[in-house]
Amino acid sequence: MKNTNILISGASIAGPALAHWLIRYGFNVTIVEKAPALRLGGQAVDFKGETHRTVLSRMGILDDVRKLQTGGTDQEIVDATGRRLAIMPGEFTGGDLEIRRGDLSKILYDRTAPACEYVFGDSITSLTEPPAGDGVHVTFERSAPRTFDLVVGADGIHSNVRRLAFGPERDHVRFLGHYYALVELEEDFGAVPRMYNEPGRMVAVGGPKAPAFFTFASGRLDYDRYDVGHQKDILTRAYAGMGWRVPAIMAAVGRADDVYLDEISQVRIDGYRKGRVVLLGDAAYGNTLGGFGTGLAVVGAYVLAGELAAARGDHHVAFAEYERRLRGYAKIAKNGNTGPFLAPATPAGIRMRNWMFKYRFLLGLMMKLGDKFATDIDLKNY
Ligand SMILES: Cc1cc2nc3c(=O)[nH]c(=O)nc-3n(C[C@H](O)[C@H](O)[C@H](O)COP(=O)(O)OP(=O)(O)OC[C@H]3O[C@@H](n4cnc5c(N)ncnc54)[C@H](O)[C@@H]3O)c2cc1C
């Protein structure tokens, strides 16, 4: 086997899922994660259709995921007086199998941590591949420089590896005109999840499984992703003057310790590989809140590791085959933009979106279409 020492950047879903398979095939894996510890935040993520289930089953984690599954909670869409206008069924938002993102990340971490090296609180600062060399020289913010045979960027839609190896984010990521925020609130906003819209703005609170969730239309904002105070100011401005329980929700946001604010965007990149560096998961085919990111990451990890093992570590062969297979499968991430669906721009748009939830056959059709995309790959048994 060639190229057995592999560095993965990012310890969320794609990175640990890839580590799981690489360890099984006999590779040595190091994972570097910028956060000081495993990040357990986020809403629920979901799996759809036979392909996702098959990969989870082959990984041996399907039962663990089922034990922690959260699906099935309907969400009420309400007007300014709190009157119910429509119900967003749990099976529409939760796919076939839904789990909190943090729980899934923890399952993958627990399975891999004993057999690979996790380096938290660090980040790659440069990647150099000598023209005639047989490895990638890597420098880090904190750790000493090291050389690896291959490097995988599994570090999300704002991928650091993609920036270093493929060029600046603006060349590969398209802003889609909306922002979203997740805020863990101390206050309880009720057992039933409720969502409220005004044109270009949406807020969802309550229920057992999610932090408060905001989506709003906006031009591009300039802010520091690590400055919580500034992010709270942005949210407060965006939701000023809104009805329903929004003033109380925003007061609770003011008291919250943490806010996660990001743009809704989509990765547009020509190829996933450059020499000994390859992209996986949202770094390669991310589409924020598109509902497919986690399934794509898990299937992508399965294919990338499987192709590496099948090619006995030959990255030229394996990366090309991984890219060929995933490019077709990940086409769903190239289309679609959840921003206008969550926060329609006009009262008529809001009414139309709500109207759709009255018709089970329409929802059924959309879910069938989702399943079709999620199973549109010929899954090899490596
Ligand atoms: C904290 C968090 C909350 C999320 N919440 C939701 C949600 O509510 N709903 C939803 O649909 N999706 C959510 N996602 C995204 C979802 O996890 C992905 O769309 C999908 O699972 C694919 O995962 P990924 O591993 O490719 O990317 P991501 O899950 O985005 O993970 C990327 C990882 O790379 C790490 N990273 C970033 N920069 C560096 C760097 N310079 N060096 C090393 N590591 C780095 C990040 O900290 C993160 O752990 C969330 C992701 C995170 C990290």
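**Close-up views of a predicted model**

**View 1. N160 is buried, with a relative accessible area of 14%.** Buried means under 20% relative accessible area, exposed means over 50%, and partly exposed covers what lies in between; a 1.4 Å probe is used and protein chains only are counted. The model is predicted: local features need pLDDT of at least 70, side-chain atom pairs count only at pLDDT 80 or more, and totals for chains, interfaces and linings use all residues. Residues are numbered from 1 along each chain as its sequence is written, and side-chain values use heavy atoms, with hydrogens and water left out. N160 belongs to helix α6, which spans residues 160-166. Helices (H or I, at least four residues) and strands (E, at least two) are DSSP runs, numbered from the N terminus. The side chains of N160 and R163 form a polar contact at 2.6 Å. A polar contact is a pair of N or O atoms within 3.5 Å; within protein, one must be able to donate a hydrogen and the other to accept it, and residues adjacent in sequence count only if both atoms are side-chain atoms. Beyond its neighbours within four places in sequence, N160 is in contact with S123, I124 and D155. Contact means heavy atoms within 4.5 Å.

**View 2. S123 sits in the loop between β7 (117-120) and β8 (124-128).** S123 is buried, at 9% relative accessible area. Its side chain is joined to that of N160 by a polar contact of 3.3 Å. With residues up to four places away in sequence left out, S123 touches V32, K34, T139, F140, E141 and N160. S123 also faces the ligand: an N or O atom of its side chain is 3.0 Å from a ligand nitrogen. M1 lies 122 residues from S123 in sequence, and their C-alpha atoms are 28 Å apart.

**View 3. The shell around the ligand.** The ligand has 27 residues around it, and S12, E33, R39, Q43 and D282 come nearest. By class, the shell holds 9 nonpolar, 12 polar and 6 charged residues. Ala, Val, Leu, Ile, Met, Phe, Trp, Tyr, Cys and Pro count as nonpolar; Asp, Glu, Lys and Arg count as charged; the others, Gly among them, count as polar. Both β2 (28-33) and α10 (293-310) supply at least two shell residues. The most come from α10, with 3 residues.

**View 4. Ligand oxygens face I13 and T294.** A polar backbone atom of I13 is 3.1 Å from an oxygen atom of the ligand. For T294, a polar side-chain atom lies 2.9 Å from a ligand oxygen. Taken alone, the ligand exposes 910 Å², and the protein buries 87% of that. Accessible areas come from the Shrake-Rupley method with a 1.4 Å probe; for residues, only the protein chains shown count as cover.

**View 5. S159 is in the loop between β11 (150-153) and α6.** S159 is buried, with 2% relative accessible area. Its side chain makes a polar contact of 2.5 Å with the side chain of D155. The S159 side chain also reaches the backbone nitrogen of V161, at 3.4 Å. Past its neighbours within four places in sequence, S159 is in contact with L279 and A283.

**View 6. A165 lies in helix α6.** Apart from neighbours within four places in sequence, A165 is in contact with L127, K274 and V277. A165 and K368 are 203 residues apart along the chain, and 37 Å separates their C-alpha atoms.

**View 7. V138 is part of strand β9, residues 136-140.** V138 is buried, at 0% relative accessibility. Not counting residues up to four places away in sequence, V138 touches L7, I124, S126, L127, P145, R146, F148 and V151. R84 is 54 residues from V138 in sequence, with 55 Å between their C-alpha atoms.

**View 8. The largest nonpolar core has 78 residues.** Within this core, I8, L280 and Y285 touch the most other members. Helix α10 gives the most to the core, with 10 residues. A second, separate core of 28 residues includes A181, F216, Y239 and A252. A nonpolar core is a set of buried Ala, Val, Leu, Ile, Met, Phe, Trp, Tyr and Cys residues joined through side-chain atoms within 4.5 Å. With residues up to four places away in sequence set aside, I8 touches G15, L18, A19, L22, V29, T30, I31, V32, V152 and A154.

Definitions and conventions
A residue is near a molecule or strand if one of its heavy atoms lies within 4 Å of it.
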